[in-house]
Amino acid sequence: MHWPIDLIVLTFVIFCAIAAISVKDLLGTAILFGAYSFMMCLLWAVMGAVDVAFTEASVGAGVSTVFFVAAVFRTSRRTKD
Amino acid sequence: MKFLGVIIVCLTGGLLLYGTTDFPDWGDPSSPASTHLSDYYIEKTIEDTKVPNIVTSVLADYRGFDTMFETAVIFTAGLACFILLRDFRGKKERFYRHKPTGVVLHVKDGKKTLTVGKEFEHMDKDWVPSDLIIKTVCRILIPFIQIYAMYVVAHGDFSPGGGFQGGVIFGSSLILLAISYDLKTLVNRIKEKVLGIFAALGVLIFVGIAAICMPMGGNFLDYTALAPLVWDPHHVRALGMLGVEIGVGFAVMAVMAIIYINIVSEGRHDEGL
């Protein structure tokens, strides 16, 4: 059984999600969001949904992180609130 | 205000968690989806479509209508990004670098331009000297990423992958080119018009393959009607899926590049990450 991998990855997902909304640095948030997506991708892979994991890895962890970094590049780096 | 936000988030989260209790368990054999649909797909996919990857056959054949409009949604996303962000006003000031000496020229009059070539080159406002190692590594890497993307599209029938993933990987190889060199390199290599045409062409390939089925005597998206057109009528549904996936790949690739270029340059297509 692979339930410990499940739990470890799920902990990382929650950790990344909380970190992504509490960090003040927007670039850091973008990277944390990428890490969150990658952990979700691992979770899909553990569940056996390889197609979804592949999509999550390419879209979530890959391109959307780049889009966020590109958007941060055009705004101020630190959040105001 | 913050306290109120926390309460609202907790309430919504609690409601969503409460809602999930009604869901069937993960892999529950007695859930409605497993009792009616999944059996049919698992037993009949190979027989019907000759495609070993059930996910692809469900996405591109059994529920092809769904995927067609998903592609249309992606196309609309690219279109919306273009309409919202694209800025056709030229930049007021330009920077040029004299290549042999490294002197930077700042041209404040927007109408004056210098010919870019051996002597001068374009430069971004917050310019960082492009690193030789990064440039070289990316230049070697990009063709392999693109070949891999094409493999993912072409091999979608047999292994995980397909048009969406392959298109995204191809698009990210273009983005890598823009990051490792500069945005102008990408915009000069692939013109904005070409990207727009590719995005529309992808959707048209999908809808076209689906629509050709009708004059051939089948239903919309019924690939079996295409049998007289292909060289291997036995695998006609697999070939139909392949064509459709190629269309999706075109559209997604172009839309990813359009979104990236428009976001990073504030719609000006001149300088960016």
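A pocket here is an open set of points, on a 1 Å grid over the protein atoms alone, with protein on both sides within 12 Å along at least five of seven lines, and its lining residues have an atom within 4 Å of a point; the volume is the space filled by probe spheres set on the points, which are joined across faces, edges and corners. Of the 17 residues in the lining of this pocket, A:Gly48, A:Ala49, A:Val52, B:Ser38 and B:Val55 are the closest to its centre. By kind, the lining residues comprise 13 nonpolar, two polar and two charged, where Ala, Val, Leu, Ile, Met, Phe, Trp, Tyr, Cys and Pro count as nonpolar, Asp, Glu, Lys and Arg as charged, and the others, Gly among them, as polar.

At least two lining residues come from each of α2 (26-47) and α3 (50-73) of chain A and α2 (32-49) and α3 (54-62) of chain B, and α2(B) gives the most, with five residues. Helices in this account are DSSP runs of H or I with at least four residues, strands are runs of E with at least two, and both are numbered from the N terminus.

Residues are numbered from 1 along each chain as its sequence is written, while chains are lettered from A and ligands numbered from 1 in the order in which they are written. Because the model is predicted, local features need pLDDT of at least 70 and side-chain atom pairs count only at pLDDT 80 or more, whereas totals for chains, interfaces and linings use all residues, and side-chain values use heavy atoms, with hydrogens and water left out.

The C-alpha trace of chain A spans about 45 × 20 × 10 Å along its principal axes. Of its 81 residues, 33% count as buried, a term that stands for under 20% relative accessible area, with exposed meaning over 50% and partly exposed in between (1.4 Å probe, protein chains only). Where contacts in chain A join residues at least 6 apart in sequence, 60% of them link residues at least 24 apart, contact meaning heavy atoms within 4.5 Å.

Within chain A, α2(A) has 22 residues and reaches 31 Å from its first C-alpha to its last, close to the 32 Å expected at 1.5 Å a residue; the expected span is 1.5 Å times one less than the number of residues. The buried residues of α2(A) include A:Gly34, A:Met39, A:Met40 and A:Leu43, and what covers the buried residues of this helix includes α1 (3-22) and α3 of chain A. A:Thr29 lies in α2 of chain A and is buried at 18% relative accessibility; leaving aside neighbours within four places in sequence, A:Thr29 is in contact with A:Ala20 and A:Val23. After α2(A) comes A:Gly48, whose phi is positive, near 95°. In helix α3 of chain A lies A:Ala71, which is partly exposed at 32% relative accessibility, and its C-alpha atom is separated by 9.7 Å from that of A:Leu26, 45 residues apart along the chain.

In chain B, B:Thr45 lies in helix α2 and is buried, with a relative accessible area of 1%. The side chain of B:Thr45 reaches the backbone oxygen of B:Tyr41 at 2.3 Å, a polar contact being a pair of N or O atoms within 3.5 Å in which, within protein, one must be able to donate a hydrogen and the other to accept it, and residues adjacent in sequence count only if both atoms are side-chain atoms. Not counting residues up to four places away in sequence, B:Thr45 touches B:Tyr40, B:Lys50, B:Val51, B:Ile54, B:Ser57 and B:Tyr62.

Further along chain B, B:Leu221 sits in the loop between α8 (192-212) and α9; this residue is buried at 7% relative accessibility, and its phi is near 70°, a positive value in a residue other than glycine. The 29 residues of α9 (residues 236-264) should span 42 Å at 1.5 Å a residue, and the end C-alpha atoms are 42 Å apart, which agrees. Because 24 of the 29 residues of α9(B) are buried, this helix is largely enclosed by the rest of the structure. In the segment after α9 of chain B lies B:Glu266, which has a positive phi of about 55° although it is not a glycine and is partly exposed, with a relative accessible area of 39%.

Definitions and conventions. 1 Å grid on protein atoms, 1.4 Å probe; cavity = no way out; pocket = protein on both sides within 12 Å on 5 of 7 lines; lining within 4 Å.
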